[in-house]
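Please consult the sequence and structure shown here while reading.

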Amino acid sequence: MTDQPGGTGRYALDPAGRWVWWFADPRRIGRGRWWREPFGGGVAEPVGPDGRPAGLALGGGRFALGSFSGGTTRVLTGGEPGADAGRGPVFDFAGDRQVEQLSADGTMLSVTDVGAGGPLRPDLRVLDPVSGEVLADWPLGGEGVARPLGFSPRPSDGRLLVLSEARDEHRLLLWDCRARTVLELRHGLLGELRAQWTPDGAGLVVCRSWQGRDELYELPLDGGPRRIPHEPGEIRAAAARPDGVDYLWSSSERSARVRSTRHGTLYGGDLPDGAPVRDVWADGPGGRVHALLSGPPVERGGPVPPTVFLLHGGPAAFDADAYDPYVSAWVDHGYQVVRTNYRGSTGYGRAWRDAAAGDIGHAEVADLMAVRARLAADGLIDDTRALVGGSSWGGCLALLALGVHPDRWRAGFAVAPVADFAAAYEEETERLRALDRALFGGTPDEVPDRYRRASPITWAPAVRAPVLLVAGARDPRCPPAQIEAYAREVERGGGPVELHHYDGGHEERRLADVVERISVQLEFALRHCPPGDEP
């Protein structure tokens, strides 16, 4: 159905399984339009206007999709083919909104508005998908984040499941949009939560992410959570079925497989084993820091391979005990890998996730250095042979670590990083600008010192270790111009830098492109910090 350069990242099946939808971005710039095609094959057709994707909702025989362009979000609604004919009305809203979900009968549509709080603090409301009338505004608007997770699967049931972060724990709330009431479901689970309705609407399936691993629970609407037994690891996705739960599971050692609570393993698990992990805890300036160490066992006093510290992107994300061929590639080439869930990471409570806000970038680097010191003290790494790298936000942190601690690294690399927050702000989408304003407390003009301190380019003249920069020519999130400016500042300060361009956007999904990116990083590391005595 699709053959796009860089792959296809947004797609869906309608609930009846008749149609496939996807977002086409042929120029790889984060802009395009939605398409649909019959599941059994047929003619594909474009649906909706050109713009940046702003969500797709399918349900109740209807569709709703969003497209953002020129400061306006256009929402198109209509009947799915075979349900009722043709396209429906079009609504234009000022600002950056996101289409979320349709109710089971297709009479209600949830949307979020980025607003002043940015995408981490969206506003929530429910619309009539035919008239565009606002049926209900989230009544607890001043009480924190509210993310809609889906309407009840029962027709004519106006309850919307909402995830709120008003406190350190996530709250699961049932918002009855017609009765204008909110009921909290007590669960007592710490960490990040994902949840979905069971098919009968009598309960939820909840996935908890906590300290680098996931757990599945059943949560009846009238009772407490019940743990679903499964091996430790990551749950990438889960689906509630009438006869149980299907879920996509993996661990650092074992590749992904689809399992069922009733039928065991359904398929998968045919890839080579991955690199196992060990948990590492270190005392950092903001509290205990969790990291995952991969590689062959190292005994105190024995030989120690070089170590690469890989930093995850986000920043609201985390590294998990999950199958990761990227980590395995480093281990296969003779390196240890350390992945640090620094302040700002999810899966450790809201307080930890928000703890970096006062000193963006530097708090995360301080946690990285605390983990490194702990490993060195335990004799688990050779502190004289350490590299640092990452992609996107992780690449930004890697560059910051190279500049703030220039004498501690053999080499470093950054793929599609933010190198200059102020320069990137000028080229970013409005949604990303809203995120920056939320993180820094204002625009670059309003709080220039905060942007300057967090930007790796400020520290570029101090860099002494060889650094590899990988930039996407079509990257709308981390534009190449500010990466190239960083490279010039490193050179001006006398530091060695290599700049590699690729013809793509922020994320590349085609296997050949992914392998090429990783090969560039490995070849760079093998030249500057080889596992053996000689390159």
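The buried residues of helix α1 are covered by several elements, including strands β25 (287-294), β26, β27 (336-341) and β29 (411-415), together with helix α10 (511-528). The model described here is predicted.

Helix α1 itself spans residues 325-332, and its buried residues are V327, S328, A329, W330 and V331. At the N-terminal end, α1 is capped by D324, with a side-chain oxygen of that residue placed 2.9 Å from the backbone nitrogen of Y326. After the helix comes G334, which has a positive phi, near 100 degrees.

For the protein, the mean pLDDT is 89, and 94% of the residues reach 70 or more. The strands with the lowest and highest confidence are listed below.

| Strand | Residues | Mean pLDDT |
|---|---|---|
| β7 (lowest) | residues 87-94 | 77 |
| β26 (highest) | residues 307-311 | 98 |

Strand β26, with its mean of 98, is also among the elements that cover the buried residues of α1. Over residues 82-86, by contrast, pLDDT stays under 50, and the model has six contacts for this stretch beyond four places in sequence.

A further residue, R474, lies in the loop between β30 (467-472) and α9 (480-492). From C-alpha to C-alpha, R474 and H290 are 35 Å apart in space, and they are 184 residues apart in sequence.

Key: Residues are numbered from 1 along each chain as its sequence is written. This is a predicted model: local features need pLDDT of at least 70, side-chain atom pairs count only at pLDDT 80 or more; totals for chains, interfaces and linings use all residues. Side-chain values use heavy atoms; hydrogens and water are left out. pLDDT is the predictor's confidence in each residue, from 0 to 100. Helices (H or I, at least four residues) and strands (E, at least two) are DSSP runs, numbered from the N terminus. Contact means heavy atoms within 4.5 Å. Buried means under 20% relative accessible area, exposed over 50%, partly exposed in between (1.4 Å probe, protein chains only). A polar contact is a pair of N or O atoms within 3.5 Å; within protein, one must be able to donate a hydrogen and the other to accept it, and residues adjacent in sequence count only if both atoms are side-chain atoms.
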